Amino acid sequence: MKIYKLKTGYTELAAALLKKGQNVIAPKFSGRTLLFGKIEKAEDAVEPERYVNTVRSAKEFIFPATEPVVEFSYKNKDVKVFDSLVQSDEKIILGLRPCDAAAFTIIDDVFNYEYKDEFYAEKRKNTTLVSFSCEHSDEACFCSSVGLRPDSPQGSDLLFKKDVHGNYFAYSCSEKGEKLVALLKEIFEETTEDFTESPCYEEVLGHMRPPLDTVRIKEWLDKNFENPLWDEFASRCLGCGSCAFLCPTCHCFDIVDETKYSSGLRRKNWDACQFPLFTLHASGHNPRPLQSKRYRQRVMHKFKYYNDRFNKTLCTGCGRCVRACPVNLDIYQVVSEITKENSLEETLNEQHL
Amino acid sequence: MNNIYKPYLAKIDMVRQETPDTKTFRLSFMDPETAESFTFKAGQFGEYSSFGDGESTFCIASSPTRKGYIECSFKAVGKVTNALKDKDVGDIIGFRGPYGNSFPIEEMYGKNLLFIGGGIGLAPLRSLIWNCLDLREKFGEITILYGARSVQDLCYKPELTEWAERPDVNFVKTVDPGGETSDWDGKVGFVPTVLKELAPSPEGAVAITCGPPIMIKFVLQNLSELGFDSTQVVTTLENRMKCGLGKCGRCNVGKTYVCIDGPVFTARELEALPVDF
Amino acid sequence: MSNDKISAEVKKLAGELLESGKVSAVVGYAEGTLKGRVQTFIARKASETEKFIFNQNCANNLAVYLTKSYNIISAGKPVAVFLKPCDIKSVTALIQEHQLKREDIFIIGLSCQGVLNDSGPAGKCRACSMHNPQYYDALIGGVVEEKEPEVTDPFARVKEIESMTTSECWEFWMKEFDKCVRCYACRQACPLCYCEQCIVDKTRPRWIESSAHPIGNLGWHLIRAFHLAGRCIGCGECERVCHQNIPLSLLNMKMSKEIFDLYGYTAGMDEGAKPPLTEFKMEDNEEFIR
């Protein structure tokens, strides 16, 4: 991992990229909502010290909310199908948080195993992820619970950290990162200084929710597919898709056809396991007819099933679902209660012994 | 690009009205290369599309030993199946597949086979039945128990007659009480009940079953009472699917994706799954 | 009355109601995990009522839990629910639409000085002229003095939009709808969006495209607004739960204004009244039919 000192600030970095004709995606305001968006002017890119994180994750640039995958036309008996074009122009996602960069390394597995989803893979290949370590967290952040830190390099092509004087240092973590530094060689200079142990990030870490024990959580989930707690947790859930749609690792989707006259598109759209329609059979049978079963699926998928399959937890602790839930159904709180019950059980067992 | 979502185009060569709401299509691939190279195994499924309406999931109902075409049977219940129902010979639909695992046919060599089907659940069994009949010498006794709600709900009627006439097949048909007609020459009774009367020996046997969930439930129970070990019983599961590729995340039962790890499971494997289907 | 005192009162009342077996459950608010947020909480045992609180962060309209899909109302025993004056309007609307029977619920009416959102007093509260529950089974917080609202014209924001040119208006809404990801939090949080099958989920035929693209989003939000015309009581939950900050209340307010102008009707005020779009009168305004 090479380290480079950035000779400028954030806005100048964005400006330099734009000047080189790069396609830059970065957090910017749309009204009062901070979202990733294409940057036309460097000043529109909101500086990382001014936000904890965006409302939506960056997944939509690799796995969009809606994306045509097949095109077709039909006229009487003449049917034609075509591949939809993959919108895979090279782009740079700037101002990411480490949790969002890490999310891609988690969902890479599902999009690439057995059958490779080229729509995902192509965009992923052509996207450079430039992260900025977190200078603050908020009450919802819990990345340290799932093996991350405010300055984790996982998934980033280039990870920026700050020294105590406010200078940015870039850690290049991949070839794409190196390429980007080379492109902007006039504003970067290689250095041997290292901020891996920057006290500033330790402080952020200290302010975060105390780490969860994901091993114990999984142990509980392994044993408790049926448990009255599921009803208790889900009794207040409204069954919307806020949590899933804001989540950087939720990757479930629907496939729908849309037509106009004699042609149409087949689209891959975000979908959410909290919707009753998600699993409803045409026969009327629904394997998950109740919100408690749907909520259980969400927690199980994140902390057990994905782990069973890919050996990874399907959560980066970004806290978006916690912030957005209309009824404050807080997944961190839910899985903490699970571990509490786990310890209780163990204590009881020990007493029996 | 290798687009995993792009279907092959397939022409409907034959349509057969199985029951008032169930049809069978015989399909051949438009692209000669695909038609030549396409292979599948009994028990695998596909995504069939009516362009403009979407895709629907069902098994391939024909045998892999019958080359040059595939067949599928479906009941018109949802948006896509209702659109497919209105298609005719010469119309073009989409097909993605084959997906999923398959019946462990090699493990069945030398064994007595007991097929237990209900209603349209005969479709995946039919693929395997013909596959086995086409390799008849590799298997022991073959018993087929098939039932439906009523006489008119029996699928593949010409084939039922053929199986009944074959000396190397022990064929038993039944309809639910009240579903019989005056000229019905089969049994009257629910499939699990008839199975019990039949009392097949578990010795060197494999039971393969598919049908409505309630039928499967009691068939599994009765097989177990008859002494069948759960490893001797095979069934196929269905769940709502979209991609069929292990990605879209809705067909999972616990960590098991029906589309990738299934749809064929032994009763032993089913017992290990959480009750989420 | 202080928050602590009110919270103590609701805990006590909820406890008594469950203890005496008068109600089968109490739907209320509990402390949240984030600053300024509360959790909704359903207690079924008196021992759980310690969790209940009431303060200015209690923005959620709990009437949504009284709709059929929650299956919370079982025969025989009422369910108690915390309701602010504006939330009670949704109960009125649900009774009007035969979705709820008055005797099935025990209203814990909360007098309200307005609730807060992330950036201060909620918009709806600034135009509110109803700080005391219209009806209730128990009143918490006493009767507060009704005061002139800070914003006297509830339709002031709607009028701003109405003053735009058609293309400005189009641009404004398309920009807002562009942010929509179709999570349906607006629908799920709305007590009046109780349809067993929402039109957006119907596929035979598909009336509204489910994709989060401009046409799909426009279709969804406009049709939802139309379905709520003369029914929306203005609790503002749709806007509160929208993480993309789409000003959804504006659409519903616009419809409320149209209904008021055409029929002189305000939703959620009288359980005996018939919503104007569900009945026909000879004297109905016909000028809009061309």
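In this predicted model, the largest nonpolar core holds 260 residues, and those touching the most other members are Val81(C), Phe82(C), Leu83(C) and Ile108(C). The greatest contribution to this core comes from helix α2 of chain A, residues 98-112, which gives nine residues. In soluble globular proteins, nonpolar side chains tend to be buried together.

**Surroundings of Leu83(C)**
- With residues up to four places away in sequence left out, Leu83(C) touches Leu62(C), Ala63(C), Ile88(C), Val91(C), Ile107(C), Ile108(C), Gly109(C), Leu110(C) and Pro133(C).
- One of these partners, Ile108(C), is also among the core residues that touch the most other members.

**Domains of chain C**
- Chain C comprises domain 1, spanning 3-140, and domain 2, spanning 156-278.
- The C-alpha centres of these two domains of chain C are 24 Å apart.
- Their contact involves 20 residues from domain 1 of chain C and 19 residues from domain 2 of chain C.
- On the domain 1 side, the elements of chain C that supply two or more residues are α2 (85-96) and α3 (123-126).
- Helix α2(C) provides the largest share of that side, nine residues.

**Ile116 of chain B**
- Ile116(B) lies in strand β7 of chain B, residues 112-118.
- Ile116(B) counts as buried because it has 32 C-beta neighbours inside 10 Å, where 20 or more are required.
- Beyond residues up to four places away in sequence, Ile116(B) touches Leu145(B), Val191(B), Leu195(B), Ala207(B), Thr209(B) and Val219(B).
- Met30(B) is 86 residues from Ile116(B) along the chain, and their C-alpha atoms are separated by 35 Å.

Conventions:
Residues numbered from 1 in each chain as written. Chains lettered and ligands numbered in written order. Predicted model: local features only at pLDDT ≥ 70, side-chain atom pairs only at ≥ 80, totals over all residues. Domains from an automatic or database assignment. Contact = placed C-beta atoms within 7 Å. Helix = DSSP H or I, 4+ residues; strand = E, 2+ residues; numbered from the N terminus. Core = buried A, V, L, I, M, F, W, Y, C linked by C-beta atoms within 7 Å. Buried ≥ 20, exposed ≤ 12 C-beta atoms within 10 Å, placed from the backbone.
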